[in-house]
Amino acid sequence: MEQSVFVGRQPILDRNGNLFGYELLYRNSQENRFPNVNPEKATIGVLVNTFLTIGANRVTGSYPSFINFTGELLAQDFYSQLNPKRIIIEVLEDVEITPALVSRLRDLKQQGFKIALDDFVLNEQYATEKTLFTTIDYVKVDFIQSDRQDRQRIQHFVRSYPNVKLLAEKIETAEEYEEAKVAGYELFQGYYFATPEVVAGAAVPSVDYHTFQVMDKLNGELPKVKDVAALITQDMSLTYKLLRFINTYAFGIPRKITSIQQAIMLIGLQETKKWLYIITMHQLGEGEGNGAVKALVDYSIVRAKLCELLAKRAGYRNSDEFFLVGMFSLLNLILSKEWDEIEQDIPLSDAVMKTLTGERTKMAPFIELAQAVERMDVAETKRLCSELEIPMNDLCVYSQEANRWGRRLH
């Protein structure tokens, strides 16, 4: 059955009642309500589903999109692939206003983006960072959450910044609409005009061809960091996920990684490739009804780490290849494909592919050992430990470490 993706949209009107743009909202079904997901995932979902899957022309036509951004997303470096004529960056109300954020918004403004403050409430942080308002284009005021006195204070404050337009959101009555017009609001949004509607489209295949293009580049002779980074940042979802994984789970790097080029330089091309494979496997297990696939992905990730640890202990310099053997050892079951078909899609070395297809390589006993541990096959585990000269106690330590590592990636 063909999978679908969804985006919610609510129109924003100007003073003459003409359509100005849409606020785009995360949806994961035809049910018109916000699902329980973290806001970063919601924004990435909106961007991917709108611009990479359904298509912006179908979702918003030629009109701009107001899209929510958290503080974490604002710090990331994937904006070069977004069209500033199509996207108005909406800073969520819980984002802390700091000099670093103001500087970041100024950079985005110079790139051509327009910026809105969502659910604006006049509080102390705005008095401290007044230079923010020379950068802001829109202030959104929630007519449900604010009372008339609150709105009057906001309106008086904004008059000092003629570059800022007021947008009245959650307008539900004719009286609120009239109040907003009299007070000088230029844009309007709410159930009084239209409820959000859901736009659906067919989902892209689970294995993203672009990801494999990146890995193919990494497998080439002497790949350049700049070229690999440029290819990764063409995919906003991949960029975000790679930075999130590296910042959260890897390496104990003392400072936050904020760009793909910086990430590759700090961790190296081989580690970058490994994390891209991890992300690709996670993508396969995402979504409703994918419980069985997710279980296979979880097994694969633990196998990968265990094979890598055991290969390092055995003194192999190419432990990343052992990692990939473990990572893809269940891929034929996950994709329901034969290996000769998979081989056409995934850029793996001959040694890795030979191992995966059953040939007796130097990597074969390592993946067999990982499988024996998984099955709790004591006799086979002892036999393979003896063959590889790995003490059982060491195997237990490595197995526990691999399982801990796999759990951290959930």
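In the predicted model, Asp147 caps the N-terminal end of helix H6, with a side-chain oxygen placed 3.1 Å from the backbone nitrogen of Gln149. Residues are numbered from 1 along each chain as its sequence is written. Because the model is predicted, local features need pLDDT of at least 70 and side-chain atom pairs count only at pLDDT 80 or more, whereas totals for chains, interfaces and linings use all residues, and side-chain values use heavy atoms, with hydrogens and water left out.

Helix H6 spans residues 148-158, and its buried residues are Arg151, Ile154, Gln155, Phe157 and Val158 (buried means under 20% relative accessible area, exposed over 50%, and partly exposed in between, with a 1.4 Å probe and protein chains only). These residues cover an arc of only 160° around the axis, which puts them on the same side of H6, the arc being that of the directions from the helix axis to the C-beta atoms. On the other side of H6, Gln149 and His156 are exposed. The buried residues of H6 pack against strand E6 (138-142), strand E7 (165-169) and helix H7 (174-182). Helices (H or I, at least four residues) and strands (E, at least two) are DSSP runs, numbered from the N terminus.

Lys170 is partly exposed, with a relative accessible area of 35%, while Asp142, at 5%, counts as buried.

In helix H13, Lys305 and Glu308 lie three residues apart, about one turn of the helix, and their side chains meet in a salt bridge of 3.0 Å, N to O. Lys305 is buried at a relative accessible area of 11%, as is Glu308 at 2%. Salt bridges that share partners join Glu271, Lys274, Lys305, Glu308 and Lys312 into one network.

Notes: Contact = heavy atoms within 4.5 Å. Polar contact = N/O pair within 3.5 Å; in protein donor to acceptor, adjacent residues only side chain to side chain. Salt bridge = Lys/Arg side-chain N within 4 Å of Asp/Glu carboxyl O.
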